[in-house]
Amino acid sequence: MAKKYKIGVIGVGFIGPAHMEGIRRLGFDVAAIAEETQELADKAAEHLLVPKAYGDWKDLIADPEIDVVHIASPNFLHFKHAKAALEAGKHVVCEKPLAMNSAESGELVRLAAEKNLVNAVNFNIRFYPLVHEAKAKIESGEIGDQLYIIQGSYLQDWLLLDTDWNWRLEPELGGELRAVADIGSHWMDLVTFVSGTRIQSVFADFKTFIPVRKKPKKKIDTFGGKLEVDMEYEEKPIHTEDYAAVLIKFENGARGVMTVSQVSSGRKNRLFFEINGSKSSLIWDSEVPNQLMLGHRPVPNQLLIKDPSLMTPSAQWTASYPGGHPEGFPDTFKQLQTAVYRYISLGNFAAKPDFPTFLDGHRTILVDEAILKSARENRWVDIEY
Ligand code: NAI
Ligand code: SOE
């Protein structure tokens, strides 16, 4: 019988509980959580029904009962948390972006390999069933021998107003890049996964539409950062991009463009991609994730509604429910973790992982850095993997 893993989660704000839900759906125990203070940890543990609450993440990592550490803290802490967990001999599932820069992410890749520990980055969007199906269709040649154009966007509106606030707006906490690293990282990982080709060079244009924002003096939640009447605030200059457009050349010769924005009214959390091949096209929208459009020239277009019996065998496992039973955002966490924990259970860490690893997280950061350089220097920049 498979081992019943004991898992520790660091950071249980917005997304930590989504990790926990996935872990519990697989039948494993969330044995402990860690938060910024003991008070926050105790409160969250009571609410989320967790037996152990740590006010210091080092104690969670040192806990001998914990087999795997999930990291869902703000970006600037990922490197510190992941490094300590690996040094303590724990497998790690870390949120994106893996680290604040490629020096850090490269060190994590090397350390995980040296310690022979399983390492995953939570690029969860890969695990919508029809995303796996899109990849299978490209691999089978259904879209054509050649991919011509890979384009799309990731648009949100939760930072539209100057009264919207979150730690992601502060470079020391979120990183030098905002929209690109926070949501563009998902898009770039996704199209690389689906198309099977990496980004070779980039030309970027950035804009910060809201140069000064009102930062509330009290702590507020992700996606809940609305300044309330009478709330005290301070004015903060903003140095990270609200919007970016990035022209892309892919290694296989395809061309593309990615648009990201956190100030696009009406777009709540919409990742969109369209891949045009020499024969057909694939079109997918994360806000309607159970539909994949297949675009054709000589015959009418098709709309594939998620249904494992209509999917390619290699992609079928990502759909847990039959056709007509939609799967959504929380299911992607469960499926990514299914892949990770299956791999841990099988114990052959020389095998190719079927989930995003620290190497994928590192490569995305290398692309992020090239995008930043391009925007600053107003020129094409190649990525050196
Ligand atoms: P959040 O601010 O809602 O939650 C972060 C939590 O970490 C907070 O509860 C905070 O108190 C806690 N924390 C801060 N310092 C800590 C410390 N020293 N020790 C332990 N806990 C500490 O942020 P959110 O939105 O949950 O994002 C967390 C991470 O997850 C980010 O890196 C973000 O990029 C990523 N994310 C990924 C998503 C995905 O779909 N893959 C979705 C949302 C976030
Ligand atoms: C905020 O932009 C955010 O929570 C990102 O950090 C996540 O990665 C994305 O999945 C949803 O939006």
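Here is a short walk through this structure, from its sheet to one residue in a helix. The model is predicted, so local features need pLDDT of at least 70 and side-chain atom pairs count only at pLDDT 80 or more, while totals for chains, interfaces and linings use all residues. Residues are numbered from 1 along each chain as its sequence is written, chains are lettered from A and ligands numbered from 1 in the order in which they are written, and side-chain values use heavy atoms, with hydrogens and water left out.

Let's start with the sheet. You'll find an open sheet of 6 strands, ordered β3-β2-β1-β4-β5-β6, with parallel pairing. Its edge strands, β3 (52–54) and β6 (119–121), each pair on one side only. Strands here are DSSP runs of E with at least two residues, helices are runs of H or I with at least four, and both are numbered from the N terminus. Two strands pair if DSSP finds at least two bridges between them.

Take β4 (residues 68–71) and β5 (residues 91–94): they run parallel and are joined by 4 bridges. Val69 has Val92 in β5 as its bridge partner. Helix α1 (residues 16–25) packs on the sheet, touching β1 (6–10), β2 (29–34), β4 and β5. Contact here means heavy atoms within 4.5 Å.

Now over to Ile138, which sits in helix α6 (residues 129–139). Its relative accessibility is 12%, so Ile138 counts as buried (under 20% relative accessible area; exposed is over 50%, partly exposed in between, with a 1.4 Å probe and protein chains only). Neighbours within four places in sequence aside, Ile138 contacts Ile143, Leu147, Val194, Ser195, Ile275 and Leu282.

Note on methods: Axes are lines fitted to C-alpha atoms, for helices over the stretch in contact, and angles run from 0 to 180 degrees between N-to-C directions.
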